[in-house]
Amino acid sequence: MNIITCFKVVPEEQDITVKPNRDISFEKAPMTISAYDLNCIEAGTQLAEANGGNVIGISVGAKKIDDSKLKKNVLSRGPESIFMVADDKLENIDTYQTANALKAVAEKIKDYDLILCGEGSADLYAQQVGPQLGQLLSLPAINSVSKITLADGKAIVERTLENELETLEISLPAVISVTSDINLPRIPSMKQILAAGKKSATIWSAEDAGIGNLSATLGVIETKAPEQMDRKKDIVQGDSEEAIKSFITKIQEVLK
Amino acid sequence: MKVFVFAENQKALLELCCGARQIGERIEAIVINSQDDKDTEVADKVWSIPQQDNAMLEDYTETIAALLEREKPDLLIFEPTKRCKLIAGRLAAMAGTSVMTDLIELTKEGEGSHLVYGGAAIRKEKLNTSLAIATIGPGVLQGSKETGKGEIELFPFVEPIRKIKVLNKEQKPKLSVNLPSAKRVIGVGRGIAKEEDLGMIRQLADVINAEVGCSRPIAEAERWMPKETYIGVSGLMLAPEVYMAIGISGQVQHTVGMNRSKVVIAINKDKNAPIFGQADYGIVGDLYKVVPALLDQLK
Ligand SMILES: Cc1cc2nc3c(=O)[nH]c(=O)nc-3n(C[C@H](O)[C@H](O)[C@H](O)COP(=O)(O)OP(=O)(O)OC[C@H]3O[C@@H](n4cnc5c(N)ncnc54)[C@H](O)[C@@H]3O)c2cc1C
Ligand SMILES: Nc1ncnc2c1ncn2[C@@H]1O[C@H](COP(=O)(O)O)[C@@H](O)[C@H]1O
């Protein structure tokens, strides 16, 4: 059983800053694993622990995603190996390009039974790469999956939708996008962190993977921080009886 | 521009068709076996696909693909539900394009705006393929009431190659609150120490005539409140008259869901909590002191 888990490498959100002209800056933001892909990696690891098998982490992006601390972080969470296409030709690619690049990686790995994606990437949150990847690989694709059990050649999954809960049977291989509440990602132990150093990571260029020339389908016109609403910022300090009284007087006006 | 519209819910279909008039000259709706003539009042044409026994909505993807191939619309709009996002993604892969998801704005020129980096930024983007696909909330395109010609044409079902078997399907219990239409909303966050303490928040909500929503961790990690009630970039986008944030730090992923509120009130014990930067009124204090006092004095 080979399980591929897709993880995106993104700038750490908390360290993104806004410039006075509302441009955003990543200067202080280190690269990190996209938040919900921690759930994706954990889901793959738990399935391998329960059914036997091997977890492979894959990612595509610009050269900077090939970061040793980050790879170690991924490998300490369960995957036995990582395959990456890290190439500046893949900087800021759209979801169609991403799905095509991941398809190329999966086809190079060849032997897999299941591909897992996260709910959405922390930067774009398009919720698109999983469905597109499944279609490109001519495999069944399903999203919003909150539980997976494996049984000879198929997966039984629970799917949580806006107004319904579904139980589905999907033949493998398939591409399954999992929700962020499917599990609680583990905190790797010291032993797992040390073991991660001995695991393997394979890094390809776009050319190695044969995906150099796919042009963008989506053009970005601008990326700007939203304009801030003007707020009164009338803040009472402290919660003495006096302070609370003054706060209540202020909001009583509003709540009238 | 010729715009096709597909939705999971009929109400959303009607609203999206009306709204789409702002973008395209010709609006055509895709429906599964419509016997409801309401559909036809809002579109210039309705493509009716015969309903199949035991089919999931997703099983109509190949049929929609065949229709797109033949009719070549410029833009295909979906309601932003999970099912529609799956269908949209698969269609995009077939057509060699991407999907602009969860748009908060869409112009006649086909430029869509979408929150990125958890709401820290708005990205304006445009598809440069002959077919553009977008998912967009019904409220975003404010619709004109213009009516369509409403002719109906049957489009034959195309059998999907890969089928997923539905073993069981359950309806989730319907929520009694309707947060998007509430005039006043209280949002609770991780500042609440125990589930029981929500009782005190609900009492306050009764007193000030508000509905209660929450931050994502209260719904997803703690599961103290239903998932459908969390506010923010991946949850509800609200614009009530009054929003009161209690024990919420004010991370951008949350605040994009409430920053269009008319008045924002914040209660937080940390004077450096970012929520105060987005509040009209606030108090730096322990909610376990402030909320009981509010209950006592606002009654
Ligand atoms: C891709 C992505 C999407 C996300 N989408 C959403 C979303 O849609 N909505 C959302 O809400 N979050 C979302 N998040 C999570 C978001 O980043 C924050 O983690 C979350 O909003 C924090 O919730 P909180 O404010 O309740 O908790 P915390 O950040 O833990 O804040 C708790 C606050 O309570 C205060 N407090 C503690 N005790 C008391 C007390 N006794 N009295 C008064 N104050 C007290 C603390 O000072 C603190 O400020 C998303 C994250 C990612 C990565
Ligand atoms: N560049 C990438 N490399 C690896 N996996 C990715 C990449 N982009 C997206 N994914 C996967 O696809 C999911 C959905 O991403 P998105 O469609 O961008 O919201 C993510 O949670 C990841 O699991």
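1. An oxygen atom of ligand 2 is placed 2.8 Å from a polar backbone atom of A:Gln128, and, taken alone, the ligand exposes 480 Å², of which the protein buries 98%. Since this is a predicted model, the distances and areas in this note should be read as values computed from predicted coordinates.

2. Two further polar pairs involve oxygen atoms of ligand 2: a polar side-chain atom of A:Ser121 lies 2.6 Å from one oxygen atom of the ligand, and a polar backbone atom of A:Ala126 is 2.9 Å from an oxygen atom of the ligand. The elements that give two or more residues to the shell around ligand 2 are strand 6 (54-61) and helix 3 (95-109) of chain A, and of the elements in chain A it is strand 6 that gives the most, with 3 residues.

3. Taken as a whole, the surroundings of ligand 2 comprise 18 residues, the closest of which are A:Asp37, A:Val60, A:Ser121, A:Gln127 and A:Gln128. Sorted by class, this shell holds 9 nonpolar, 7 polar and 2 charged residues.

4. Turning to the nonpolar cores, the largest has 40 residues, and B:Leu204, B:Met244 and B:Ile246 are those with the most contacts inside it. If neighbours within four places in sequence are left aside, B:Met244 is in contact with A:Ile251 and A:Leu255 from chain A, and with chain B residues including B:Val185, B:Ile186, B:Leu204, B:Ile208, B:Ile265 and B:Ile267. Apart from this core lies another, of 31 residues, which includes A:Ile58, A:Tyr112, A:Leu137 and A:Ala206.

5. A:Pro173 belongs to the loop between strand 11 (164-171) and strand 12 (174-178) of chain A.

6. In chain A, A:Asn92 has a positive phi, near 50 degrees, although the residue is not a glycine. A:Asn92 is found in the loop between strand 7 (81-86) and helix 3 of chain A, and it is exposed, with a relative accessible area of 70%.

Notes:
Residues numbered from 1 in each chain as written. Chains lettered and ligands numbered in written order. Predicted model: local features only at pLDDT ≥ 70, side-chain atom pairs only at ≥ 80, totals over all residues. Heavy atoms only, no water. Near = heavy atom within 4 Å. Polar contact = N/O pair within 3.5 Å; in protein donor to acceptor, adjacent residues only side chain to side chain. Areas by Shrake-Rupley, 256 points an atom, 1.4 Å probe, with all protein chains shown as cover. Helix = DSSP H or I, 4+ residues; strand = E, 2+ residues; numbered from the N terminus. Nonpolar A, V, L, I, M, F, W, Y, C, P; charged D, E, K, R; others polar. Core = buried A, V, L, I, M, F, W, Y, C linked by side-chain atoms within 4.5 Å. Buried < 20%, exposed > 50% of the residue type's maximum accessible area, 1.4 Å probe, protein only. Contact = heavy atoms within 4.5 Å.
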